[in-house]
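Work through the following exercises with the sequence and the model side by side. Try each task before reading its solution.

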Amino acid sequence: MSKREDIESKTENILKPILCDTAFELWDVEYVREGGEYYLRVYIDKPGGITIDDCVDVSRRLSDALDAGDYIEDAYTLEVSSPGLGRRLVKDREYARSIGRDVDVKFYKSVDGVKEMTGKLVMADKDSVTIETGDTGQRRLNRSDIATVRLSVDY
């Protein structure tokens with residue numbers, strides 16, 4: 001397990017009892033380095049959406065627990081937020097929660113003449129994503145060809 005995966009996993013375990021007392025659900029945890037700075041980002045959600053006060057509450061409780069655990073050696077910034085409307089699907093649990101929803105898929109390079117497609121997420125596993133489009137029916141797409149999958153946002 002990499003350092004990043006270890007920190008994300010430990011943070012998820014710390015978050016479980018914090019979120020258990022709330023209506024919040026954990027969407028994702030990511031530990032990333034950007035511009036020479038480290039960020040521990042926590043994305044939470046609930047029916048009806050997340051408010052700033054929700055983020056502040058979870059951030060305070062998590063910050064105290066992280067200080068007590070003291071397992072992150074680097075200086076970092078903790079960010080707690082909503083995953084947003086057009087949230088990116090990365091982890092298996094995110095795909096599982098999104099079955100039946102419309103997604104936008106972008107490819108690294110053209111697949112069957114297209115660089116992106118939109119459809120209803122039918123299923124996903126470690127190797128593939130299956131979406132249903134109005135034009136072609138169900139399409140099984142190799143995850144190795146996919147750059148990003150995001151929930152579709154209708155404006």
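The exercises below concern a pocket and the nonpolar cores of this predicted model.

**Exercise 1.** Describe the largest pocket: how much space lies in it, and which residues are closest to its centre?

Solution. 
- Step 1: The space in the largest pocket comes to about 300 Å³.
- Step 2: Its lining consists of 17 residues, and D28, E30, Y43, R88 and V90 are the closest to the centre.
- Step 3: Sorted by kind, the lining holds nine charged, seven nonpolar and one polar residue.

**Exercise 2.** Find which elements give two or more residues to the lining of the largest pocket.

Solution. 
- Step 1: Two elements meet this condition, α1 (3–20) and β1 (25–34).
- Step 2: The most comes from β1, which gives six residues to the lining.

**Exercise 3.** Locate the largest nonpolar core and say which elements give two or more residues to it.

Solution. 
- Step 1: This core has 21 residues, and L15, V42 and I44 have the most contacts inside it.
- Step 2: Two or more residues come from each of α1, β1, β2 (37–45) and α2 (52–69).
- Step 3: With five residues, α1 gives the most to this core.
- Step 4: Another core lies apart from the largest one; it has 16 residues, including L89, V103, L121 and I146.

**Exercise 4.** Leaving out residues up to four places away in sequence, list what I44 touches.

Solution.

Note on methods:
Residues numbered from 1 in each chain as written. Predicted model: local features only at pLDDT ≥ 70, side-chain atom pairs only at ≥ 80, totals over all residues. Heavy atoms only, no water. 1 Å grid on protein atoms, 1.4 Å probe; cavity = no way out; pocket = protein on both sides within 12 Å on 5 of 7 lines; lining within 4 Å. Points joined across faces, edges and corners; volume = space filled by probe spheres on them. Helix = DSSP H or I, 4+ residues; strand = E, 2+ residues; numbered from the N terminus. Nonpolar A, V, L, I, M, F, W, Y, C, P; charged D, E, K, R; others polar. Core = buried A, V, L, I, M, F, W, Y, C linked by side-chain atoms within 4.5 Å. Buried < 20%, exposed > 50% of the residue type's maximum accessible area, 1.4 Å probe, protein only. Contact = heavy atoms within 4.5 Å.
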